[in-house]
Amino acid sequence: MIPLCQPPDASPREPKLICPPGTADCHVHVYGPLDQYPVAPTRSFDVPEALPASLRKLHDILGVERLVLVQPSGYGTDNRRHLDAVAEMGRPARVIAALRADVPDAELDRMHEAGVRGVRYNIGHAGAVPLAEMPVLAGRIARLGWHVQLHVMDDQGRAPLAEMESTLRDLPTDVVIDHMGSLRPDKGLGQPGFQALLRLVNTGRCWVKLSCGYRMSALPPPYEDMVPYVQALLAARPDRLVWASDWPHVSFKGQMPNTTELLDQMLTWVPDEQQRQRIFVRNPEVLYGF
């Protein structure tokens with residue numbers, strides 16, 4: 001039986017952090033209605049409906065004015081749900097799609113007009129697009145100014161980013177790393193995956209999402225064991241960092257955070273207001289073309 005994820009906290013609170021105008025949530029998903037947007041048979045978990053209307057309500061409470069809809073593994077390469085959601089959100093939105101390398105040029109052009117700005121690769125997810133196709137598709141999307149987005153997991157004692165570093169450096173596109181590379185805060189700043197992430201960021205062609213502390217941290221919000229890693233990234237390239245909530249927090253087995261806590265954590269992670277303004281507004285404008 002395919003397991004059903006727990007839903008997000010349905011009662012977001014008014015945040016302590018006041019979002020600057022133009023704030024972008026750079027990593028969210030929507031699901032359903034499931035009778036209109038069926039999930040892929042290759043999925044490894046099911047997700048309760050998380051509709052654009054619920055996300056819109058959340059962003060109204062948080063003060064988020066822009067968003068990036070990211071294709072999840074549960075929909076495979078059927079990008080219709082997230083492309084359709086652009087019109088439903090009522091605010092500027094971009095899409096990160098999942099595509100095979102043989103997608104026609106005309107389809108790439110159509111998707112660009114629809115708001116797509118990158119392609120995502122999920123390492124280790126059932127039914128994910130083969131990673132071997134990444135250099136081929138990267139060569140085809142470079143003309144559009146798109147980027148490659150990568151979700152890696154370090155749950156087997158490996159360091160995927162370190163293993164892939166040279167491949168990522170050779171891509172003709174920028175690279176965006178989901179969720180701070182899914183680092184393990186108990187392993188220290190010297191862990192190979194995080195050191196590879198710092199080297200990639202220092203090239204100026206790699207971006208990092210400050211997100212998913214709730215999945216990595218051993219502490220409650222604001223996940224203070226993540227602060228040294230955020231500080232190291234800030235010291236490297238503060239112009240290559242963006243924030244994301246990761247709503248609706250799919251396939252999370254721990255205590256579900258209130259999404260407001262994932263915004264307010266930035267008061268601890270990035271205490272300088274000008275740096276937060278850059279991460280919330282200016283950097284997403286550059287990366288996604290808002």
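Five aromatic pairs turn up in this structure, where rings of Phe, Tyr and Trp (its six-membered ring) pair if their centres lie within 6.5 Å, and planes under 30 degrees apart count as stacked, over 60 as edge-to-face and the rest as tilted. The model is predicted, so to speak of local features takes a pLDDT of at least 70 and side-chain atom pairs count only at pLDDT 80 or more, while totals for chains, interfaces and linings use all residues. Residues are numbered from 1 along each chain as its sequence is written, and side-chain values use heavy atoms, with hydrogens and water left out.

Take Phe-194 and Tyr-229: the ring centres are 5.0 Å apart and the planes stand at 90°, so this pair is edge-to-face. It ties together distant parts of the chain, with Phe-194 in helix α6 (residues 192-202) and Tyr-229 in helix α8 (residues 227-236), 35 residues apart. Helices here (H or I, at least four residues) and strands (E, at least two) are DSSP runs, numbered from the N terminus. Both Phe-194 and Tyr-229 are buried; that means under 20% relative accessible area, with exposed over 50% and partly exposed in between (1.4 Å probe, protein chains only).

Another pair, Tyr-288 with Phe-290, is tilted, at 6.0 Å centre to centre and 50° between the planes. Tyr-288 is buried at a relative accessible area of 1%, whereas Phe-290 is partly exposed at 23%.

Back to α8: its buried residues are Val-227, Tyr-229, Val-230, Leu-233, Leu-234 and Ala-236. They pack against α6, β7 (206-210), β8 (241-243), α10 (266-269) and α11 (273-288), with contact meaning heavy atoms within 4.5 Å.

Now for the backbone. Most residues other than glycine have a negative phi, and most peptide bonds are trans. The bond from Pro-221 to Pro-222 is cis, with omega near 10°, and Pro-222 sits in the loop between α7 (213-216) and α8. Trp-247 and Pro-248 are also joined by a cis peptide bond, omega about 5°; Pro-248 is in the loop between β8 and α9 (259-264).

That β8 to α9 loop also holds Ser-251, which has a positive phi of about 55° and is partly exposed at 27% relative accessibility. Ser-182 has a positive phi too, near 50°. Ser-182 lies between β6 (175-177) and α6, in a loop, and is buried at 15% relative accessibility.
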